[in-house]
Amino acid sequence: MLGMGIISRVLGLEETRAETDAVVASPSEVPQRTIWPPTDRLGAEPRDPLSLIPIWRALQVLTTSAGQLPLTVQRQGQTVSGSRVPAHIRRPDPDMDRSDWIEQSVLSLAMDGNLFIERISGPTGDLLAARILPPAEVTITRNPRTNRIRYHHRGRELTSADLNHQTLMRLPGQLRGLGPIQAARHEITAAGDVANFAQNWFRDTGQPSGLLTAKAIRTEEQVQAIKDTWNRAARDPDNPSGIRVIGGDLTYSPLTLKPEDAQWLEVRRFTVTDFARLFGIPTSLMLASLDGNSLTYANVEQEWLSFVRFTLMSYLRKIEEAMTELSPLGQTVRFNLEGLLRSDTKSRYDAYAVALQNGWMTVDEVRDIEDLPPLTDDQRSQLETQRNHA
């Protein structure tokens with residue numbers, strides 16, 4: 001029953017928590033229920049989504065891809081660098097690294113479809129931290145008379161000025177977003193059932209490992225005596241090999257299943273493909289392949305480009321919008337995607353050479369794409385000398 005309770009919370013099948021009612025000021029305000037499980041229970045039960053390998057891999061791909069991307073700040077089309085970059089861009093939350101903050105933002109959107117960022121300000125109003133709140137702890141209410149939206153977190157009431165709320169996919173009329181896990185709760189439940197069935201096939205289903213047959217057995221007492229003798233031989237410490245000697249007309253017939261049947265491999269392979277579609281991740285990144293699908297370098301490269309444009313960007317754009325709203329007016333925050341979109345080293349350098357020769361990129365702009373600092377004065381002098389001797 002404990003496992004069923006947890007999976008119900010994960011998949012949005014459980015009713016709004018009782019404590020939610022305590023923070024709703026008026027009966028006319030309808031709370032939006034949360035669908036994120038308690039953080040200390042994630043993956044703790046066999047039927048939790050995080051216990052399914054394909055879901056874990058999909059989340060790992062999303063968080064790893066986003067966490068390694070640098071953030072850039074632009075103002076009037078010019079990139080802001082150095083000390084002019086706001087402190088919350090360099091480190092949004094002092095309690096964690098920026099890559100961890102980005103990973104938690106992506107996880108919040110992927111697992112729940114919602115990202116709640118609380119603005120922590122100092123006495124003078126300066127932004128000290130952009131703190132990510134667990135979606136399970138945030139309740140949203142709307143007063144139908146005033147149409148005012150309020151957020152509630154651990155007994156505190158927050159407004160839009162205190163909290164930045166981003167959603168992955170919000171249905172019309174809804175206040176909370178919808179994530180992949182909630183959208184496919186039936187498929188995830190079925191995948192958990194398959195994994196449990198395969199795991200418990202020999203342990204809990206009563207499936208015997210073999211049969212002892214004899215024509216001379218007539219009574220229940222004879223059956224019990226033969227079974228006890230057989231089982232004692234299996235537990236005999238002086239018989240580690242488990243050898244049995246069968247007398248009379250006893251015959252032993254083992255009952256075995258092929259590994260692919262016992263583990264339901266075909267069904268589980270199809271499940272991986274389904275989850276790849278659900279999260280929008282190429283099967284090559286999921287470390288899986290489709291039968292009869294021969295992948296070439298060009299195909300894989302196109303798959304990765306499609307992943308960045310049509311899957312990863314749906315998460316990155318929400319983070320960009322949140323960070324832009326937290327920044328001073330006139331500043332725009334964007335992820336630098338060159339690291340993911342660029343191809344092999346030779347093709348990349350050839351493209352840089354064309355850009356430099358035609359004068360529409362500078363050396364420092366190329367170095368910025370490669371996440372390198374601008375040239376020093378000494379390096380510029382050496383580069384100029386090399387060009388003069390060329």
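Helix 2 crosses helix 4 in a right-handed sense. The model you have open is a predicted one.

Stop one: the helix pair. Select residues 53–67 for helix 2 and residues 98–112 for helix 4. Two packed helices are described by the angle between their axes and the distance between the axes. Here the angle is about 140°, and the axes are 8 Å apart. Angles over 145 degrees would count as roughly antiparallel and 65 to 115 as roughly perpendicular, so helix 2 is oblique to helix 4.

Stop two: the contact between these helices. Which residues of helix 2 make the contact? Show Leu-59, Leu-62, Thr-63, Ala-66 and Gly-67. Coloured by class, the contact of helix 2 with helix 4 shows 8 nonpolar, 3 polar and 1 charged residues.

Now move to an open sheet of 3 strands, ordered 3-2-12 and paired antiparallel. Select 78–80 for strand 3 and 331–335 for strand 12. Why is one side of each left without a neighbour in the sheet? Strand 3 and strand 12 stand at the edges and each has a single partner strand, so one side of each has no neighbour there. Looking across the sheet, the twist from one strand to the next averages 40°.

Select residues 71–75, which form strand 2. To end, pick Arg-75 and find its bridge partner in strand 12, Gln-331.

Notes:
Residues numbered from 1 in each chain as written. Predicted model: local features only at pLDDT ≥ 70, side-chain atom pairs only at ≥ 80, totals over all residues. Heavy atoms only, no water. Axes fitted to C-alpha atoms, helices over the stretch in contact; angles between N-to-C directions. Helix = DSSP H or I, 4+ residues; strand = E, 2+ residues; numbered from the N terminus. Parallel < 35°, antiparallel > 145°, perpendicular 65-115°, else oblique. Left-handed = near helix turned anticlockwise from the far one by under 90°. Contact = heavy atoms within 4.5 Å. Nonpolar A, V, L, I, M, F, W, Y, C, P; charged D, E, K, R; others polar. Pairing = 2+ DSSP bridges.
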